[in-house]
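Hi,

Here is the structure I promised to pass on.

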Amino acid sequence: MTAHGANPFTPGFGLTPMILAGRAVAIDDFTAALAGNVPEARAILISGARGSGKTVLLTEFTELAMEAGWTDLRVHTSSSSLVDELRSMAIARLRELDPDAETSRLTSARVSGVGASRDVLDRYEGEGETITTVLDRLAELTDQDGGGLLITLDELQSVDRDQLHALTQHVQDLIGSGHAVAFIAAGVRPGVDALLDHERTTFLRRAHRIEVGSVDVGTAAEAIRMTIADTSKTIAPEAAVLAGEISKGYPYLIQLIGSKAWQNSGDADTIELEDVRGGSSGVIAAMIKNVHGPSLRGLSSRKREYLHAMLQDEGPSNVGDIAERMGIDPRNQSTYRERLIDDELIRPAGRGLVEFALPYLGDALRHEKEEGAATEPGSGLTRSHRSRRDPRPR
Ligand SMILES: Nc1ncnc2c1ncn2[C@@H]1O[C@H](COP(=O)(O)OP(=O)(O)OP(=O)(O)O)[C@@H](O)[C@H]1O
Ligand SMILES: [Mg+2]
């Protein structure tokens, strides 16, 4: 750590940044949904590419709900049963909230100090307490406090369809009983779209959809400037502008370039243009490794060929040219075009034109072509802490 304190940027997945770029409208809408009484506005589906800020927005919504007196239950897609997990979390929360659980604890504690915790356990873990009863009771208690119950589910693309159906069924029941309930799910577009195609996911299909992605470059520059303004350093105006441009407004890249520029400035009070410029290649490499690498790895060879055929063009590519370069029929071209749009790798750019949908995807493909893989090979040898701390006896 330098005299200027820790790096204020958060270039890592799931890490909430100091300044949220481009989320003002979503946050206002959600705040209104919490305070209002339109149940539909409280079912939200956040989707977007890797590193676009889904988890961060989900976390921010959760915090807002908690500030408004709501209770949150965070279900994990990795659990073997979503509904079982929801039930045990709801029970744990009830123990904290239920005044009756509290009274029974006090009464029995007065009679005998030992029986106390068992009484509480009995109340909610008894055979008769179905998840419906448990959730109903919890929702009732949170309603009474003027709050509500928020259920969230991240990494939606990896959830099992039937489990999702069972979970949303409970959410719907709670809403149907008139409780204040909100449900927010977040996931990567291709996986989420595949889930929504299924007939049992009607609830989510009707949810309010928030697509997160890039913000404009000026907003990105301002987010970087504001993040630094809260520290003892400053950033030169032209350096902030360049950092915004390098980030291309992509949330993960805003944090990455900010972080690199901060690092490069060392002990200096001001982050200069050079510090930002020097961070650019590292930023692109990290984007390739952490975002493009994983999404290109599973790509079919035809789709990959399609993307490579786009590399020749400076700007958007003509779909006819792509078909010609691939040596395929234009009609087959459109199949790959549609699939790649679904994958969020390309997007339409006007009549008969497509372009890359994510920043530095072209660089990742070029890199892949040259190196055979979208990752930098490791280089150099460094003594580890073991070797430094515990040198071999002579
Ligand atoms: N609104 C924002 N403004 C600035 N930076 C952001 C914003 N949202 C997210 N970030 C940054 O972007 C990066 C990725 O955020 P997050 O983990 O939320 O992405 P994600 O969409 O959930 O990614 P994944 O698909 O891998 O789960 C983090 O470094 C985070 O600090
Ligand atoms: Mg995430």
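The second largest pocket holds about 460 Å³ of space. This is a predicted model, so to speak of local features I needed pLDDT of at least 70, and side-chain atom pairs count only at pLDDT 80 or more, while totals for chains, interfaces and linings use all residues. Residues are numbered from 1 along each chain as its sequence is written, chains are lettered from A and ligands numbered from 1 in the order in which they are written, and side-chain values use heavy atoms, with hydrogens and water left out.

On terms: a pocket is an open set of points on a 1 Å grid over the protein atoms alone, where a 1.4 Å probe fits, with protein on both sides within 12 Å along at least five of seven lines; lining residues have an atom within 4 Å of a point. Volume is the space filled by probe spheres set on the points, which are joined across faces, edges and corners.

Back to that second largest pocket. Its lining has 29 residues, with Gly51, Ser52, Gly53, Lys54 and Val56 nearest the centre.

Now the largest pocket, at about 660 Å³. It is lined by 33 residues, and Arg347, Phe356, Ala357, Leu358 and Pro359 lie nearest its centre. Strand 9 (346-348), strand 10 (353-356) and helix 18 (361-371) each give two or more residues to the lining, the largest share being the four from helix 18. Here at least three residues come from each of domain 1 (24-211) and domain 3 (299-371).

Is Ile284 buried or exposed? Buried, with a relative accessible area of 17% (the cut-off is under 20%, exposed is over 50% and partly exposed is in between, with a 1.4 Å probe and protein chains only). Ile284 touches Tyr360 and Asp363, leaving aside residues up to four places away in sequence; contact means heavy atoms within 4.5 Å. Its C-alpha atom is 9.0 Å from that of Pro359, 75 residues away along the chain.

Cheers

Methods: Domain bounds come from an automatic or database domain assignment.
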